[in-house]
Amino acid sequence: MKRNVKSKCHTTRKRILLFLTACCCFAVMFIIVHHLGNVYQSSSPRQPAPVSDTGASDTETNSSETHTPAVSSDADETSWCLILANKWNPIPTDYKVELITLSNGKSVDSRIYPALQKMFDDARSHNIYPIVASGYRTTEKQQSLMDEKIGEYKNEGYSADEAKSKAETWVAIPGTSEHQLGIAVDINADGVHSTGDEVYKWLDENAYKYGFIHRYPSDKTDITGVINEPWHYRYVGITTATEIQRQGVCLEEYLHKVN
Ligand SMILES: [Zn+2]
């Protein structure tokens, strides 16, 4: 009987001990898990803030840049890149340009920048080294270019009217230049690694893939009103540029068909 009571007591103590041990284990595990959770949380990297800098300063000179801006999809392209500006169609007075400055101080509309950058990057990867010789121009700048050209013809002996009309085949009348839209660029060779002919040939064959067109081809002078300018490229978006290249038409002809 005594032995039975003793044995019962022993079993109860054992159970209590087991219960306490289990409680301790549970408490220790809880503390460890909680602690690890805190450590993990505090060492997890924060979500990076959206980067809005386009890195426009690299367009001209830096061939080793790492970022590759995406070419905007045609779904984003709207009428802004299909505006017709020529001597018969002045730029609308409410037209708004959104400028971004390149590393050599030239400016372009920020909406064409990703495509322009991609085109330059790809050209360089093919050992073609273009530069933006002229981008956005104010009306005042366009006027001073016109005055300069008229002056040159006057110096050659032409009358004021003759000089003006001759100058207008070279320089767009202020208020009608695509450079005032900010979506056209004059592209030259860097003069060190590439020649002008190499750059113009590459652009002629490839620019449409980036949404740019050779705006004033030699066989369309009577329609565009401008003589051949192998350096002048105008952004119209990839879909339109591809169609214009495929059909062998100029922007005036393309828009006439579309409308
Ligand atoms: Zn131009």
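Guide: Before we start, helices (H or I, at least four residues) and strands (E, at least two) are DSSP runs here, numbered from the N terminus. This is a predicted model, with pLDDT of at least 70 needed for local features and 80 or more for side-chain atom pairs, while totals for chains, interfaces and linings use all residues. Residues are numbered from 1 along each chain as its sequence is written, and side-chain values use heavy atoms, with hydrogens and water left out.

Visitor: Let's zoom out. How many helices and strands does the protein chain have?

Guide: The protein chain has eight helices and six strands. From the N terminus on, they run α-β-β-α-β-α-α-β-α-β-α-β-α-α.

Visitor: What share of the protein chain counts as buried?

Guide: That's 37% of its 259 residues.

Visitor: And how many of the contacts join residues at least 24 apart?

Guide: Take the contacts (heavy atoms within 4.5 Å) between residues at least 6 apart in sequence: 71% of them join residues at least 24 apart.

Visitor: On to the metal. Which residues coordinate the zinc ion?

Guide: The donors come from His179 (NE2), Asp186 (OD) and His232 (ND1), at 2.0 to 2.1 Å from the zinc ion. A donor here is an N, O or S atom within 2.8 Å of the metal (3.2 Å for Na, K and Ca), and sites may look incomplete, as water is not among the atoms.

Visitor: What spacing do those donors follow along the chain?

Guide: The pattern for the zinc ion is H-x6-D-x45-H. The two histidines link distant parts of the chain: His179 is in the loop between helix H4 (160–167) and E4, while His232 is in strand E6 (residues 232–235), and they are 53 residues apart.

Visitor: Why do both histidines count as buried?

Guide: His179 is buried because its relative accessibility is 3%. His232 is buried too, because its relative accessible area is 2%.

Visitor: What about the aspartate, which element is Asp186 in?

Guide: Asp186 belongs to strand E4 (residues 184–189). With a relative accessible area of 10%, Asp186 is buried.

Visitor: Which side chain does Asp186 make a polar contact with?

Guide: The partner is the side chain of Arg137, at 3.2 Å. A polar contact is a pair of N or O atoms within 3.5 Å; within protein, one must be able to donate a hydrogen and the other to accept it, and residues adjacent in sequence count only if both atoms are side-chain atoms.

Visitor: What else does Asp186 touch?

Guide: Leaving aside residues up to four places away in sequence, Asp186 touches Ile131, Val132, Ala133, Ser134, Arg137, His179, Trp231 and His232.

Visitor: What lies 3.2 Å from a polar atom of the Thr224 side chain?

Guide: The backbone oxygen of Val226 does. Beyond four places in sequence, Thr224 touches Asn86, Trp88, Arg215, Tyr216, Cys250 and Glu252.

Visitor: Last one, Tyr158. Where is the place of Tyr158?

Guide: Tyr158 is in the loop between H3 and H4. At 31% relative accessibility, Tyr158 is partly exposed.

Visitor: And which residues does Tyr158 touch?

Guide: Not counting residues up to four places away in sequence, Tyr158 touches Tyr153, Ala163 and Lys166.

Key:
Buried means under 20% relative accessible area, exposed over 50%, partly exposed in between (1.4 Å probe, protein chains only).
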